[in-house]
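Visitor: I have a structure to look at and some questions to ask. Can we go through it step by step?

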4 protein chains.
Amino acid sequence: MSYFSSIPNIAFEGPGSDNPLAFHHYDASRKLLGKTMAEHLRLAVCYWHTFVWPGSDVFGAGTFERPWQQSGDPMQKAREKADAAFDFFTRLGTPFYTFHDTDVAPEGNSLAEYRNNFAAMVDVLEKKQADTGVKLLWGTANVFSNPRYAAGAATNPQPEVFAYAATQVRHAMEATHRLGGANYVLWGGREGYDTLLNTDLKRERAQLGRFFQMVVEHKHKLGFKGAILIEPKPQEPTKHQYDYDTATVYGFLKEFGLENEVKTNLEANHATLAGHSFQHEVATSIALGLFGSIDANRGDPQNGWDTDQFPNSVEEMTLVTYEILKAGGFTTGGFNFDTKVRRQSHAAEDLFHGHIGAIDTLALGLERAVKMVEKDTLAELKAKRYAGWDADLGTKILSGGFTLASLADEALSRDLHPKHASGHQELLENIVNRYIYG
Amino acid sequence: MSYFSSIPNIAFEGPGSDNPLAFHHYDASRKLLGKTMAEHLRLAVCYWHTFVWPGSDVFGAGTFERPWQQSGDPMQKAREKADAAFDFFTRLGTPFYTFHDTDVAPEGNSLAEYRNNFAAMVDVLEKKQADTGVKLLWGTANVFSNPRYAAGAATNPQPEVFAYAATQVRHAMEATHRLGGANYVLWGGREGYDTLLNTDLKRERAQLGRFFQMVVEHKHKLGFKGAILIEPKPQEPTKHQYDYDTATVYGFLKEFGLENEVKTNLEANHATLAGHSFQHEVATSIALGLFGSIDANRGDPQNGWDTDQFPNSVEEMTLVTYEILKAGGFTTGGFNFDTKVRRQSHAAEDLFHGHIGAIDTLALGLERAVKMVEKDTLAELKAKRYAGWDADLGTKILSGGFTLASLADEALSRDLHPKHASGHQELLENIVNRYIYG
Amino acid sequence: MSYFSSIPNIAFEGPGSDNPLAFHHYDASRKLLGKTMAEHLRLAVCYWHTFVWPGSDVFGAGTFERPWQQSGDPMQKAREKADAAFDFFTRLGTPFYTFHDTDVAPEGNSLAEYRNNFAAMVDVLEKKQADTGVKLLWGTANVFSNPRYAAGAATNPQPEVFAYAATQVRHAMEATHRLGGANYVLWGGREGYDTLLNTDLKRERAQLGRFFQMVVEHKHKLGFKGAILIEPKPQEPTKHQYDYDTATVYGFLKEFGLENEVKTNLEANHATLAGHSFQHEVATSIALGLFGSIDANRGDPQNGWDTDQFPNSVEEMTLVTYEILKAGGFTTGGFNFDTKVRRQSHAAEDLFHGHIGAIDTLALGLERAVKMVEKDTLAELKAKRYAGWDADLGTKILSGGFTLASLADEALSRDLHPKHASGHQELLENIVNRYIYG
Amino acid sequence: MSYFSSIPNIAFEGPGSDNPLAFHHYDASRKLLGKTMAEHLRLAVCYWHTFVWPGSDVFGAGTFERPWQQSGDPMQKAREKADAAFDFFTRLGTPFYTFHDTDVAPEGNSLAEYRNNFAAMVDVLEKKQADTGVKLLWGTANVFSNPRYAAGAATNPQPEVFAYAATQVRHAMEATHRLGGANYVLWGGREGYDTLLNTDLKRERAQLGRFFQMVVEHKHKLGFKGAILIEPKPQEPTKHQYDYDTATVYGFLKEFGLENEVKTNLEANHATLAGHSFQHEVATSIALGLFGSIDANRGDPQNGWDTDQFPNSVEEMTLVTYEILKAGGFTTGGFNFDTKVRRQSHAAEDLFHGHIGAIDTLALGLERAVKMVEKDTLAELKAKRYAGWDADLGTKILSGGFTLASLADEALSRDLHPKHASGHQELLENIVNRYIYG
């Protein structure tokens with residue numbers, strides 16, 4: 001019998017419903033701006049937090065005690081886990097999922113075992129996808145949990161560890177390709193340092209650059225059409241992670257000639273740990289041409305670690321979704337719930353509450369962002385604010401029509417005396433709130 | 001009579017002296033690694049905090065009441081300020097100073113007045129430099145304090161403000177050139193945003209890129225041989241500043257083709273506000289080929305704003321100086337004291353105590369860093385740690401000898417099973433402490 | 001002619017209106033739970049940010065250039081400022097205001113001048129209150145801006161400074177009493193330290209304790225019926241402020257026997273600077289019996305200083321208002337806008353936009369909090385969660401019916417084996433969002 | 001054969017030695033101020049990080065693979081662990097150790113099993129203490145790791161969990177008493193909340209207060225002469241922990257009448273997570289009469305979680321030790337190494353490097369603090385700074401000789417006009433550095 005058998009399929013019942021196991025705002029087939037909500041949001045459930053993590057933290061043991069987490073034959077348990085996962089996806093009605101290689105298959109004690117276990121489980125997943133219609137948003141490889149990766153994967157001081165990681169990534173890429181994944185993600189959990197005292201920054205940078213190049217080359221060899229995505233994070237578990245934030249990733253990609261080959265998978269909680277708002281990271285990745293996909297979660301503003309909570313701020317998601325819509329919406333990307341229920345929330349239904357609330361939050365944000373785009377007051381006011389840059393002086397400056405000296409001469413001869421203009425931030429904030437609450 | 005007339009010239013008296021108005025560790029002419037301490041450290045006193053700032057903060061009025069800060073004819077007061085500044089430099093015995101255009105000359109009410117005031121004061125400074133032998137480490141322009149810059153200088157929505165800033169920067173560059181300055185610095189205090197709601201990130205990035213290009217072109221036209229330096233800061237006064245940190249600046253320079261033209265001026269307190277250690281920023285700028293100069297100060301680890309305190313941690317400065325020595329030491333750069341006495345420290349001698357303590361801290365850090373370089377245990381252990389990357393597998397990987405697939409094949413066929421090696425962080429930390437306290 | 005003459009009186013026009021100079025949700029006379037919105041919220045505009053601050057920050061000069069901020073006879077300017085302030089209050093329609101003594105009257109050059117200036121301006125304010133019906137929510141004394149307070153007021157190392165502060169506080173209390181103020185506030189901006197090296201914590205604590213006792217004694221002597229409120233803040237301008245947060249203030253009050261005499265004035269931005277959510281500080285002050293009044297603003301989650309922005313998160317204010325309603329609502333307190341427009345927002349209408357948006361945010365939060373209280377699902381679920389503490393074992397434990405040993409014996413003899421129960425955090429968060437967006 | 005058999009007993013070899021497995025500054029029997037270094041520092045090694053933790057973190061599995069961490073009979077493994085621990089203590093030469101009940105004995109599956117396992121292991125420990133001379137600095141109970149404590153121990157919504165925790169604490173107290181422990185510690189890892197939405201602050205506060213009272217009563221019943229210590233921590237694993245910092249604990253103790261019964265066990269990393277310097281927490285606990293013992297470690301200034309690194313800043317420890325010496329030194333307390341080697345540092349000798357470096361750091365800090373106390377310039381300057389409070393006006397104010405009104409009258413009649421005096425912070429910082437580096 002299914003672990004989730006007491007949970008009905010989650011249906012849209014509208015804002016008036018009091019049923020906690022229903023959507024109140026997410027109506028998958030409702031059309032906005034010519035696309036359904038499902039097409040806009042491209043929702044994915046992650047394997048690791050939702051089916052692998054046992055509810056442990058640094059100070060305590062797991063509280064969840066799911067049946068597939070009990071001891072037993074690893075491959076049998078992996079199959080039970082896949083059963084539970086696809087049962088969950090189906091009841092929840094989300095179209096996509098995401099995984100690490102070692103989430104779905106036992107690591108084994110050698111590369112050969114790893115390969116065989118993983119291959120067997122990819123067969124299982126393929127069949128499950130066919131049976132349920134659930135699709136893979138992205139795959140990835142876990143090259144950070146095993147002790148061999150304690151000092152990094154691509155940036156490890158031992159090239160043998162680089163080779164081990166390359167093997168996992170190759171197989172995870174190929175599995176992603178075979179399963180029709182829309183993207184492949186690279187998160188460098190241990191690609192950073194614990195102390196500068198034993199770290200050669202330049203060398204490790206070169207290692208990581210070569211690794212990314214090999215991944216991109218392999219993508220083309222495979223004929224994989226999805227995007228390669230780097231997921232920035234500033235720190236944790238390492239003291240400092242090389243993919244600190246979007247702007248840092250951009251410089252890295254430029255150095256290794258990859259800025260047109262790789263995009264970013266942005267996570268809300270990683271943005272805030274890096275000292276940025278989530279909207280900032282999204283807007284920056286769009287401005288740099290790097291926008292790819294989203295790990296939709298939230299951090300706790302008072303806690304300095306990755307709490308991976310379910311997003312529940314419509315105010316925040318409205319602004320983020322507005323940025324995304326303005327940039328044309330997702331292409332290969334989507335909103336992946338890289339989220340975990342709190343350690344106390346060990347009941348089966350808590351997994352549903354977490355995802356339902358998050359999905360309704362995204363739906364509410366989408367609705368409001370659509371209104372913002374349909375009558376785009378912010379864009380109008382922005383255009384007015386920068387109008388001078390579309391007029392004579394501005395275009396001449398930007399097109400290289402002045403040297404520093406000639407521009408200074410011009411300023412002096414015209415006796416320029418520009419006055420500051422109001423940025424009207426409070427007015428703009430009120431306008432946004434009227435979209436949200438009007 | 002001089003404001004500082006009660007203060008003697010500060011002399012080196014050695015560690016045994018109890019005289020607070022003497023150096024205990026900084027012996028300017030002492031040779032280490034073939035250079036004098038003075039040549040290694042290239043110490044500079046800044047004009048703004050030390051002679052311009054009145055001791056005010058957001059919650060209170062100025063406490064300093066220096067004679068040259070009283071009301072009076074602005075040009076007359078500017079001359080008195082220059083007298084006091086060079087008197088201070090001379091008594092302290094520091095070889096360099098640094099300034100913003102508007103620190104040394106009144107802004108005036110028009111560009112013409114600005115130009116004339118500044119030109120007159122550059123004459124004064126030139127004479128003072130000749131009389132005292134004090135040299136200019138770098139000049140810069142203040143394009144952030146006047147209300148016209150409230151929304152930015154180069155990134156202002158009004159191109160007229162860009163032009164105004166260009167005029168100041170042109171004159172500040174030319175003054176720096178004429179005064180024999182070793183560098184020219186760009187700090188974009190308002191080049192960022194207060195809210196994304198009224199900000200066009202892409203447009204402002206293009207504006208800033210063009211501005212930097214114009215500066216570099218002008219440098220070459222002038223024949224200025226010094227370095228152009230960007231000073232990263234993550235925020236304050238803006239919510240977000242575009243020159244967030246070194247890694248961000250690197251990506252920016254790459255985009256605009258300036259990575260070989262511009263270097264960084266790194267500040268300790270800006271590093272920590274960006275979520276990095278000071279050593280991290282220095283090591284990163286070296287790894288990226290961007291190391292230029294240092295604003296030596298410290299922040300308060302518990303306060304989230306720029307406190308600009310005098311450096312007093314020998315432990316921190318030893319590691320920073322070790323990085324710098326390993327990279328070959330300063331060329332055009334130096335240690336500039338972008339530091340201010342606390343608002344309560346209004347007495348004339350407090351200005352000396354602050355600088356003396358900082359200078360002795362840098363001297364102590366230098367002494368210890370020299371020992372670390374002379375018998376470079378860290379480098380030996382690092383070489384051993386990464387030895388595999390200089391052997392067959394490592395060099396073949398880095399030189400492009402493998403694809404992802406061929407490397408995975410190799411790993412499988414060799415049944416690789418690398419074990420994690422200890423990073424020995426605690427041992428390394430003990431070694432550093434033995435250099436410091438041994 | 002009034003500075004605000006182009007601004008109409010702000011009226012409630014409902015959510016459908018597009019008029020930025022109208023309320024969309026705040027309908028002062030609308031009744032909820034038996035009280036009008038105006039009675040629930042008790043809105044106040046502050047004098048200092050709105051009429052005194054010139055739009056300066058640490059890095060730049062004032063941008064506002066209000067007429068009453070120009071140079072001129074100080075008392076004449078103070079009267080013009082009062083005219084503008086009451087004109088603003090009237091147009092905005094807020095029932096209360098708040099001030100520091102030195103906001104409304106020039107400090108003068110001696111205590112006698114101070115007293116006379118202030119007395120004259122209190123006459124002016126009294127007349128304005130009578131003319132407009134605007135009332136005083138609270139008064140306070142500025143004992144932190146003048147250089148004499150650089151090292152603190154009550155905690156100053158010089159008792160003469162304590163005496164100076166006592167004089168200001170006495171006059172500010174008496175003015176507050178005479179003007180019918182509902183509360184008197186103490187914010188210890190400089191009551192803390194910049195460095196422990198020159199600070200005697202115990203001594204300064206005794207000074208501050210005695211000061212608060214004198215204030216409470218004077219309140220009773222005056223017959224002032226309002227509340228004495230301490231405003232916690234963790235730091236800024238000092239490195240550490242003694243009134244760090246509510247829990248710290250509680251311990252302080254207990255030590256000096258003042259826990260039944262003094263309450264707290266809580267500020268959102270101070271809560272977050274102290275590492276707490278705003279809701280936490282409100283809930284804690286209620287749990288400790290210290291809840292008094294609110295400085296309604298918000299900080300920037302990415303900036304480490306007091307930004308004092310206008311509140312615009314309905315999500316945050318709903319939870320805060322729910323706590324307040326559950327505790328019985330305000331008695332003497334209210335929501336004071338200790339908020340400032342951004343430095344770029346120098347236009348007269350920006351002051352209105354800021355306040356209007358904030359007021360609508362509070363009104364929306366109130367509406368939703370009222371729904372939460374009317375059908376209080378959270379309280380029901382909480383009661384169920386703690387039910388065991390109302391049953392036998394729980395009541396016996398809390399009433400002292402067990403020693404540690406007898407309870408352990410009981411646990412062993414009953415072979416207790418309690419299982420963890422889900423905290424259902426995600427469900428609860430969804431319930432709150434249904435109140436907000438349902 | 002011992003796991004540590006390759007490690008010699010660690011001896012004092014002096015600053016000149018290059019042996020990493022020797023003390024360079026800690027000379028246990030060296031006398032300073034009439035006490036040996038060992039008597040001053042009262043060093044303790046902790047059981048949990050050093051012998052229980054397997055080198056795992058949230059993102060990865062254990063890297064340590066100690067023999068006693070392998071699978072096997074739990075009691076047998078517990079005995080092997082005790083063998084290793086006491087072997088380690090002996091080789092290192094530290095006089096004290098610390099433990100949680102479940103560090104030393106298997107929890108078992110019932111309270112009866114718990115009690116029996118623990119009792120058997122206490123016998124083992126007692127014998128080991130007698131054999132080696134190692135003593136117990138403090139014991140404690142782990143009432144936070146088991147899933148039953150997910151929602152707290154004393155503050156759990158189920159009173160049965162309170163009873164379970166009471167049983168553990170009773171047995172841990174009695175074991176501590178029997179083993180001659182100098183203190184008993186309470187750290188409330190889960191005594192806080194994850195969300196306010198399901199939390200009754202007032203109720204949980206009452207539960208915790210009663211728990212502490214029961215502990216104090218039991219101490220007296222036992223005749224235990226050691227101190228009861230609360231260990232403040234602001235957060236992690238919970239979002240908010242009730243024992244946030246020393247000032248918060250003080251208010252709590254006052255409410256429950258325990259301020260003379262309980263002291264604090266302060267941890268450096270907890271202080272910084274709470275937004276304080278370590279010195280601040282120590283100085284505050286001394287000022288409040290709560291100073292007890294120290295968990296000597298350090299956090300990473302850039303990471304927002306408890307990293308529990310070994311202390312290695314002599315600069316920080318000098319100031320902390322100065323505060324402690326001024327307060328009379330430790331009585332029952334000591335410096336406990338609540339520290340863990342980095343996850344990469346899996347080698348047996350890394351455990352020694354970590355502790356040796358920390359111990360030398362404390363010894364260096366002690367040496368310098370002793371010099372500061374012997375010629376206490378800071379105290380002299382402080383006395384001078386506050387001299388006014390020992391003169392007429394100050395003593396009259398503090399002794400209640402003035403009302404607010406009479407003091408204001410006095411100030412006016414004397415036309416007080418106090419000037420700010422310099423706090424000379426930079427001079428004081430230089431003086432401290434001369435003690436450290438002179």
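Predicted model: local features only at pLDDT ≥ 70, side-chain atom pairs only at ≥ 80, totals over all residues.

Visitor: What rotation superposes chain B on chain A?
Guide: The superposition has an RMSD of 0.0 Å. The shift along the axis is 0.0 Å. The two copies are thus related as by a two-fold rotation axis. The rotation is 180°.

Visitor: Which residue of chain B has the C-alpha nearest the axis?
Guide: Look along the axis and search chain B for that C-alpha. It lies 1.8 Å from the axis. The residue is Gly251(B).

Visitor: How many strands close into a barrel in chain B?
Guide: The order around the barrel is 3-4-5-6-8-10-11-12. The pairing is parallel. From one strand to the next, the twist averages 30°. The number of strands is eight.

Visitor: Over how many bridges do strand 4 and strand 5 of chain B pair?
Guide: Strand 4 of chain B has a partner on either hand. With strand 3 (residues 43-46) of chain B, strand 4 (residues 96-100) pairs in the parallel sense over three bridges. With strand 5 (residues 135-140) of chain B, the sense is also parallel. Here the number of bridges is five.

Visitor: In strand 5 of chain B, which residue is the bridge partner of Thr98(B)?
Guide: Thr98(B) belongs to strand 4 of chain B, and Cys46(B) stands opposite Thr98(B). Now turn to strand 5 of chain B. The bridge partner there is Trp138(B).

Visitor: Which residues of strand 4 of chain B point the other way from Phe96(B), Thr98(B) and His100(B)?
Guide: In a regular strand, side chains alternate between the two faces of the sheet. Five of the five residues of strand 4 of chain B are buried, so this strand is largely enclosed by the rest of the structure. Phe96(B), Thr98(B) and His100(B) point one way. Pointing the other way are Tyr97(B) and Phe99(B).

Visitor: At about what angle does helix 7 of chain B run to strand 8 of chain B?
Guide: Helix 7 spans residues 201-222 of chain B. It lies across strand 6 (183-186), strand 8 (227-230) and strand 10 (262-267) of chain B. Its angle to strand 8 of chain B is about 160°.

Visitor: Which residues of chain A does the UniProt annotation "binding site" cover?
Guide: The annotation comes from an unreviewed UniProt entry. Its residues span 42 residues in sequence, yet no two of their C-alpha atoms are more than 10.2 Å apart, so they gather at one spot.

Visitor: With which side chain does the side chain of Asp306(A) make a polar contact?
Guide: Asp306(A) sits in the loop between strand 11 (291-295) and helix 11 (314-326) of chain A. The residues it touches include Glu267(A), His270(A) and Phe59(D). The polar contact spans 3.0 Å. The partner is Lys233(A).

Terms used: Residues numbered from 1 in each chain as written. Chains lettered and ligands numbered in written order. Heavy atoms only, no water. Least-squares fit on C-alpha atoms with pLDDT ≥ 70 in both. UniProt positions renumbered as here; feature names shortened; annotations may be inferred. Helix = DSSP H or I, 4+ residues; strand = E, 2+ residues; numbered from the N terminus. Contact = heavy atoms within 4.5 Å. Polar contact = N/O pair within 3.5 Å; in protein donor to acceptor, adjacent residues only side chain to side chain. Pairing = 2+ DSSP bridges. Axes fitted to C-alpha atoms, helices over the stretch in contact; angles between N-to-C directions. Buried < 20%, exposed > 50% of the residue type's maximum accessible area, 1.4 Å probe, protein only. Lists of a residue's contacts leave out its neighbours within four places in sequence.
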